[in-house]
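Student: I would like to go through the ligand site. Can we take it step by step?

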Amino acid sequence: MIRENLDMVTGNIKSACQKAGREPGDVTLIAVSKTKPVSAIREAYEHGIREFGENKVQELVEKQEALPKDIRWHMIGHLQRNKVKYIVDKAALIHSVDSVRLAEEISREAVKKQITVSILIEVNIAGEDTKFGAAPEETEALVREIAQLPGIHIEGLMTIAPYVDDAEENRQYFSRLKQLSVDIKRKNIDNVSMNVLSMGMTGDYMVAVEEGASYVRVGTGIFGERQYPV
Ligand SMILES: *Cc1c(COP(=O)(O)O)cnc(C)c1O
């Protein structure tokens, strides 16, 4: 099932790229494996996937230890400051930085470990009360402040769009995030590249690709529904 799903998702990404006149190589699929067993990840790995996303620090660390070392692990969930020290040298990219305080903690650990940590700034593009992320109008100021911290490199922006039945409803948000990244990139802020846009999930990744996503984060569409303990 995972193989068939992967073929479908990668095929859909390709079609969305064609529709938008983009190169399929410009979009990277992150298989979101949270709550899923190592065996499922291995199956996706054997089908060529090397980028996986997790939203809990401990789960990411445990899975990383159990799986091949050429996997790039993406931290996509809300990150607590007291967990930063366990993850800075494990995650290829931290997608969910939305405050100076969190960035300062990442910076401190990065300097301590003598590494540079790649991050994205999470933007609450639809202004939902339930979501983490910087307000769009505060994002540039946040980027400027975080960019000054040692041991951190800002690669771009990430958003979690609203949960909707019709993916088209999220097109406006993806297009707004793209525009925001273009506007910030134009400012040529030191230590900020703004080439990465992490947006789009199972329900709306094709629209996200059409609007310029460089990473899509797909869980259910690859691994099936998640079961959470009650
Ligand atoms: C769980 C999760 C996803 C994947 O969601 P699906 O709808 O299962 O594709 C993507 N991004 C983030 C931040 C998530 O927490």
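Student: Where does the ligand sit?

Tutor: This is a predicted model, where local features need pLDDT of at least 70, side-chain atom pairs count only at pLDDT 80 or more, and totals for chains, interfaces and linings use all residues. Residues are numbered from 1 along each chain as its sequence is written, and side-chain values use heavy atoms, without hydrogens and water. A molecule sits in a pocket if more than half of its atoms lie within 2 Å of its grid points. The space the ligand takes is the largest pocket.

Student: Which side chain has an N or O atom 2.4 Å from an oxygen atom of the ligand?

Tutor: A polar contact is a pair of N or O atoms within 3.5 Å. A backbone N or O atom of Gly219 is 2.8 Å from a ligand oxygen. The side chain at 2.4 Å is that of Thr202.

Student: How much of the ligand does the protein bury?

Tutor: Accessible areas come from the Shrake-Rupley method with a 1.4 Å probe. Alone, the ligand exposes 390 Å². The buried part is 89%.

Student: What is the volume of the largest pocket?

Tutor: The lining has 27 residues, with Lys34, Ile160, Tyr163, Met201 and Arg226 nearest the centre. A volume is the space filled by probe spheres set on the grid points. For the largest pocket, that is about 690 Å³.

Terms used
Polar contact = N/O pair within 3.5 Å; in protein donor to acceptor, adjacent residues only side chain to side chain. 1 Å grid on protein atoms, 1.4 Å probe; cavity = no way out; pocket = protein on both sides within 12 Å on 5 of 7 lines; lining within 4 Å.
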